[in-house]
Amino acid sequence: MQVDFYFDPVCPWCWITSRWLVDVQGQRDLDVRWRSFSLFLKNAPTPADSGYDRYWSTLRALRVVEAARDRHGEDCVAELYTEYGRRYHHDRERPIDLPAALGSVGLDAGLATAADDESWDEVIEQSMKDALAVAGEDVGVPLIVFPEDQGFFGPVMSPAPVGEAAATMFDHIAALASYRCFWELKRDRSGRPEFGPRP
């Protein structure tokens, strides 16, 4: 099964869900395409807004993702996002040292110059349009799109289940996604993000 997973490195909930999906990928025959989704571009914060610098820094990181994808293909994106997540969420490296992150996954550190190249925003915006066309405008990340253009925001969880429990949860979510009549399940979050071990 092919699924598209949309991510912004700034989002801790997205990071947790992405690690869950990596766990599931090893247990189910999943082909995951890692797609850019900028909360900076979606929410258009101003410099006076809380978190402006964080969202701006991860838009710059996503530009580098797209430059790396353009040069090296899809396979490098999962590794680069994983390296971003290690640095941003586990090591609290803010902003992410983009040349060092690239070098850590064997990519040319010179790709970091893409961070200041606004032309990559068009590629990111198209990725976001693809997601929003399926899931609607009132969503962010994590966002998963299943076959036959069935997708939704989530799942949001903390901590994420692991092993067979992770795969079982995925099976249930994929089953719900197959029903075109299904729209939403939600409840209040009562805790903070709990990350698993540093990958």
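This is a predicted model: local features need pLDDT of at least 70, side-chain atom pairs count only at pLDDT 80 or more; totals for chains, interfaces and linings use all residues.

**Backbone around R92**

I began just after α4, where R92 takes a positive phi of about 60°. Helices and strands here are DSSP runs (H or I, at least four residues, for helices; E, at least two, for strands), numbered from the N terminus. Residues are numbered from 1 along each chain as its sequence is written, and side-chain values use heavy atoms, with hydrogens and water left out.

R92 is not a glycine, and I found it in the loop between α4 and α5. R92 is exposed, with a relative accessible area of 56%; exposed means over 50%, buried under 20% and partly exposed in between, with a 1.4 Å probe and protein chains only.

D149 is my other non-glycine entry with a positive phi, about 55°. I placed D149 in the loop between β3 and β4, where it is exposed at 56% relative accessible area.

**Two cis peptides**

I noted a cis bond joining G154 and P155, with omega about 0°. From S158 to P159 the peptide bond is cis too, with omega near -5°. I looked up where the prolines sit: P155 is in the loop between β4 and α7, and P159 is in the loop between β4 and α7.

**Helix α4**

Next I took α4, residues 75-90. Its 16 residues reach 23 Å from first C-alpha to last, close to the 22 Å expected at 1.5 Å a residue; the expected span is 1.5 Å times one less than the number of residues. Twelve of the 16 are buried, among them C76, L80, R86 and H89. I listed what covers the buried residues, including β1 (2-7), β2 (31-36) and α3 (52-72).

Which residues does Y84 touch, leaving out those up to four places away in sequence? I got P9, A61, V64, V65, I96, L98 and A101, where contact means heavy atoms within 4.5 Å. Y84 belongs to α4 and is buried, at 0% relative accessible area. Its C-alpha is 9.3 Å from that of V10, 74 residues apart along the chain.

**The sheet**

I read an open sheet of four strands in the order β2-β1-β3-β4, with mixed pairing. Strands pair if DSSP finds at least two bridges between them. β2 and β4 (150-153) are the edges, each with a single partner strand, so one side of each has no neighbour in the sheet. The twist averages 20° from one strand to the next.

β3 (residues 143-146) pairs with β4 in the antiparallel sense over four bridges, and I noted G151 of β4 as the bridge partner of V145. α3 packs on the sheet, touching β1 and β2, with its direction at about 130° to that of β2. Axes are lines fitted to C-alpha atoms, for helices over the stretch in contact, and angles run from 0 to 180 degrees between N-to-C directions. α7 lies across β1, β3 and β4, at about 65° to β3.

**α1 against α7**

Last, I checked α1 (residues 12-25) and α7 (residues 164-177): their axes come within 9 Å and cross at roughly 100°. The two are therefore roughly perpendicular, a label for 65 to 115 degrees, with under 35 roughly parallel, over 145 roughly antiparallel and the rest oblique. I noted W20, L21, D23 and V24 on the α1 side, and A166, A167, M169, F170 and I173 on the α7 side.
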